[in-house]
Amino acid sequence: MTTPYTPPAIWQWNKENGGQFASINRPIAGATHDKELPVGRHPLQLYSLGTPNGVKVTIMLEELLALGHSGAEYDAWLIRINEGEQFGSGFVSVNPNSKIPALQDRTDPANPVRVFESGAILMYLAEKFGAFLPKDGAARAECLSWLFWQMGSAPFVGGGFGHFYAYAPVKIEYAIHRYAMEAKRQLDVLNQRLAVTEYVAGDAYTVADIAIWPWYGLLVKGQAYNAGEFLQVHEYTHVVRWAEQVAKRPAVQRGRKVNRVQGDLASQLRERHEASDFDTRTQDKIEAAAASSSAT
Ligand SMILES: N[C@@H](CCC(=O)N[C@@H](CS)C(=O)NCC(=O)O)C(=O)O
């Protein structure tokens, strides 16, 4: 247990909370500065970052393109949340909640459609293109149930377990126990499901897999919070099987690279405007080109 804290009668915003997110945590909504968002040439404009919530959308868009939906071509712009770019006026007008991902559909430029919340974006795109979401009946209900399960559950993994295990400036036994228990329970929910179905919503790969994989697929492969051993993730064998299967999809491999700002430079396509950017604009190539032009 940590030093006991007695909350005052009224909470005050009078000091930073500490930890790596201290500078972006604030108790008020709205823009902190004026900044218009850039707009590229495709109807779909994505403002995002390669976090699990951001990657859901880039995987979906790459999957739609792989299916032949050329209308899913998109510009992906980088929003650096650690630098407060989610609080710029342009971003706030697309997402009043100041969180990535945010999408603008400018198919009709006079009446752009804004969509925020990754689950809503997946549903919007699935309905727009008629893909990765069963059309009706029990199959649609099952798929949406798992999609919304992800939206409700992942904050316990990210904001709960991940935050207190990996990011909080103090290790609080109570908080780590509470959220480790919940993260493991959720992994067991998925494990029991994937013991009897190939994909999360049934026989077909859907938006449920696209939403769930960036969180639980990476967790079970030990790629989140360095917590593989702590949570004994190898025990969730059906989740591991599914995670590996989904990871092999070329669209998943491409989607993971978009708006990514960490890891191997060849895995970072910080902005994506064309399909060919995967071959020519990854960060290793951009930096090599810059180095060779400054040497000449
Ligand atoms: N429920 C939202 C969560 C989005 C979210 O938490 N985004 C994080 C990055 S993964 C963010 O933008 N954080 C910035 C901040 O909290 O200021 C969704 O799924 O779209």
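Just after helix H9, Asn-259 takes a positive phi of about 60 degrees. Helices here are DSSP runs of H or I with at least four residues, strands are runs of E with at least two, and both are numbered from the N terminus. The model is a predicted one, where local features need pLDDT of at least 70, side-chain atom pairs count only at pLDDT 80 or more, and totals for chains, interfaces and linings use all residues. Residues are numbered from 1 along each chain as its sequence is written.

H9 itself covers residues 250-257, and its buried residues are Val-252, Arg-254, Gly-255, Arg-256 and Lys-257. A residue is called buried if 20 or more other C-beta atoms lie within 10 Å of its own, exposed if 12 or fewer, and partly exposed in between, with C-beta atoms placed from the backbone. What do the buried residues of H9 pack against? Their partners are helix H1 (52-66), helix H8 (237-247) and helix H10 (277-280).

Axes are lines fitted to C-alpha atoms, for helices over the stretch in contact, and angles run from 0 to 180 degrees between N-to-C directions.

As a bit of background, strands of a sheet pair through backbone hydrogen bonds, either parallel or antiparallel. Strand E1 (residues 44-48) and E2 run parallel and are joined by 5 bridges, with Ser-48 standing opposite Leu-78 in E2. The chain gets from E1 to E2 by way of H1, a β-α-β crossover that is right-handed (with the strands pointing away from the viewer, the path from the first strand over the helix to the second runs clockwise). E1 also pairs with strand E3 (residues 102-105), this time in the antiparallel sense over 4 bridges, and Gln-45 stands opposite Gln-104 in E3.

How many residues of strand E2 (residues 74-78) are buried? The count is 5 of its 5. Tyr-74, Ala-76 and Leu-78 point one way from E2, while Asp-75 and Trp-77 point the other way.

Elsewhere, the axes of helix H4 (residues 137-167) and helix H5 (residues 173-194) come within 9 Å and cross at roughly 140 degrees. That makes H4 oblique to H5, since angles under 35 degrees count as roughly parallel, over 145 as roughly antiparallel, 65 to 115 as roughly perpendicular and the rest as oblique. Residues making this contact include Phe-156, Gly-160 and Phe-164 of H4 and Ile-176, Tyr-179 and Ala-183 of H5; two residues are in contact if their C-beta atoms, placed from the backbone, lie within 7 Å.

Cys-143 also sits in helix H4, and it counts as buried because it has 24 C-beta neighbours inside 10 Å. Leaving aside neighbours within four places in sequence, Cys-143 is in contact with Leu-133, Pro-134, Ala-201, Thr-206, Val-207 and Ala-208. Lys-221, by contrast, lies in the loop between helix H6 (207-220) and helix H7 (228-231). Lys-221 is partly exposed, with 16 other C-beta atoms within 10 Å.

Key: Pairing = 2+ DSSP bridges.
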